[in-house]
Amino acid sequence: MAPIVLKHLKKTDIEKRMTLPSKSLKCFPSLRDDKHTVDFQVRDECGRVWKFQIYTRKKNKYPKPVLTKGWREFVCSKQLRVDDRVAFYMEEKDQADSVKYRVEVEKAVKIFGAVFGHEQIHC
């Protein structure tokens, strides 16, 4: 299954918030009632459930979505660095399981500062 977001992390993604491509917004929970934030849950490769919030600009033609609430805790817990890769997937679940998203992290393999690939983290 192809990820709905696959991103090589940049400094801002690590230190503040993760920007998402505007086209991916349609794959995440929809913003309703003229709101500019929506909370959702994501399960990582270890089975832990994380709570994130997508934030968009209030009144703008281009929403520019970002992950805010919960993102920095995730970054610190996974010890993410610049050039690591994060992928979000949408999954079909039965009604008993409300988590419909999965996140996978791949750590950048660097030699003398150059990225030579990525390695999935394991639990």
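**Entry 1: ground rules.** The model is predicted, so I took local features only at pLDDT of at least 70 and side-chain atom pairs only at pLDDT 80 or more, while totals for chains, interfaces and linings use all residues. Residues are numbered from 1 along each chain as its sequence is written, and side-chain values use heavy atoms, with hydrogens and water left out.

**Entry 2: salt bridges.** I searched the whole structure and found nine salt bridges. The term stands for a side-chain nitrogen of Lys or Arg within 4 Å of a carboxyl oxygen of Asp or Glu.

I looked up Lys7 first. Its side chain meets that of Asp13 in a salt bridge, at 3.0 Å from N to O. For burial I used relative accessible area: under 20% is buried, over 50% exposed and in between partly exposed (1.4 Å probe, protein chains only). Lys7 counts as buried because its relative accessibility is 13%. Asp13 is buried too, at 2%.

**Entry 3: Lys78 and Asp44.** I then took the salt bridge between Lys78 and Asp44, where the closest N and O atoms are 2.8 Å apart. This pair links distant parts of the chain: Lys78 is in helix 2 (residues 71-78), Asp44 is in the loop between strand 3 (37-43) and strand 4 (49-55), and 34 residues separate them. Helices (H or I, at least four residues) and strands (E, at least two) are DSSP runs, numbered from the N terminus. Both Lys78 and Asp44 are buried. I also noted a network of salt bridges that links Asp44, Glu45 and Lys78.

**Entry 4: Arg48.** Which residue meets the side chain of Arg48 in a salt bridge? I found Glu73, at 3.1 Å from N to O. Glu73 lies in helix 2 and Arg48 in the loop between strand 3 and strand 4, so the pair ties together parts 25 residues apart in sequence. Glu73 is partly exposed at 47% relative accessibility, and Arg48 is partly exposed at 38%.

The charged end of Arg48 also sits over the ring of Trp50, 3.6 Å from its centre. My test for this was NZ of Lys or CZ of Arg within 6 Å of the ring centre and within 35 degrees of the ring normal. Arg102 has its charged end over the ring of Tyr89, 4.2 Å from the centre.

**Entry 5: aromatics.** A search of the whole structure gave ten aromatic pairs. Rings of Phe, Tyr and Trp (its six-membered ring) pair if their centres lie within 6.5 Å; planes under 30 degrees apart count as stacked, over 60 as edge-to-face and the rest as tilted. I recorded one aromatic cluster, formed by Phe28, Phe40, Trp50, Phe52, Trp71, Phe74, Phe88 and Tyr101.
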